[in-house]
Amino acid sequence: MIMASALTVLLFFSARKLYQRISLPILNPVLICILVISAFLLFTKFDYKIYQQATLPIHYLLEPAVVALAYPLYKQFHQIKPVFFALCLTSWLGVSLSTLSAFLICQFFAADPQLSASMAALSVTTPITLLISDYLGGIPAIAAIMVILIGVFGGVFGLHILHWCKVDHMQAKGTALGVACHAIGTTAAIEHHPMAGAFASAAMTITAMITALWVPLFYHWLATLI
């Protein structure tokens, strides 16, 4: 267990070192780790459940790591306080549009109701998504995969997309990444700028609360319109 965890951590820090030397989006450390570990499991036929058990110490550190993302929020709270209501409203709009878009796309392609329910809450961290997906009758495994893919995509390309869209304000960048790309996007925002990291952390926290309270009601209302 210790060896597997140590090798996984070593892989992450090696990927991070490479990213610091060559700052290309495709070399995002999270993405590199996912690709390398997936390739290892596929080509060696190594049992994923054994790997999961062997790296449980890393899993246990996930929740404290998410909580640690609130530190930039604490440091920059004096900047966030004057616009807190606007941040809540923006987060609510982001969550609502995300759920509405996923619902409409599923309806357009005549997706199974279980798949549609799995797509309802993808802007928050995996534990919250799994709970909501299970409550709505979705497939938690699909929801988890989509959350990870969205987070990685946002972490790799989010800042570049915002730059192309002429979004220069650190507050706007952080809010967009926190609302749309949860913890992975927040990490990218923290690395980009302290102000962006603080707003991303605040937006991620607010989005998680709004999603837990609002999305089940909103999704059931959308379902009644069919």
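**Aromatic pairs**

In this predicted model, ring pairs join W92, W214, F218 and W221 into a cluster.

Q: How many aromatic pairs does the structure hold?
A: Rings pair if their centres lie within 6.5 Å. By that rule, the number of aromatic pairs in the structure is eight.

Q: Are the rings of F103 and Y219 stacked or edge-to-face?
A: Planes over 60 degrees apart count as edge-to-face. The centres of F103 and Y219 are 5.8 Å apart, with 85° between the planes. The pair is therefore edge-to-face.

Q: How many residues apart are F103 and Y219?
A: F103 sits in helix α7 (residues 84-108), and Y219 in helix α12 (residues 194-224). The pair links distant parts of the chain. The separation is 116 residues.

Q: Is the pair of W214 and F218 stacked or edge-to-face?
A: The ring centres of W214 and F218 lie 5.1 Å apart, and the planes are at 15°. Planes under 30 degrees apart count as stacked. So the pair is stacked.

Q: Which helix holds both W214 and F218?
A: W214 and F218 are four residues apart, about one turn of the helix. Both lie in helix α12.

Q: What is the relative accessible area of W214?
A: F218 counts as buried at 10% relative accessibility. W214 is partly exposed. Its relative accessible area is 26%.

Note on methods: Residues are numbered from 1 along each chain as its sequence is written. This is a predicted model: local features need pLDDT of at least 70, side-chain atom pairs count only at pLDDT 80 or more; totals for chains, interfaces and linings use all residues. Side-chain values use heavy atoms; hydrogens and water are left out. Rings of Phe, Tyr and Trp (its six-membered ring) pair if their centres lie within 6.5 Å; planes under 30 degrees apart count as stacked, over 60 as edge-to-face and the rest as tilted. Helices (H or I, at least four residues) and strands (E, at least two) are DSSP runs, numbered from the N terminus. Buried means under 20% relative accessible area, exposed over 50%, partly exposed in between (1.4 Å probe, protein chains only).
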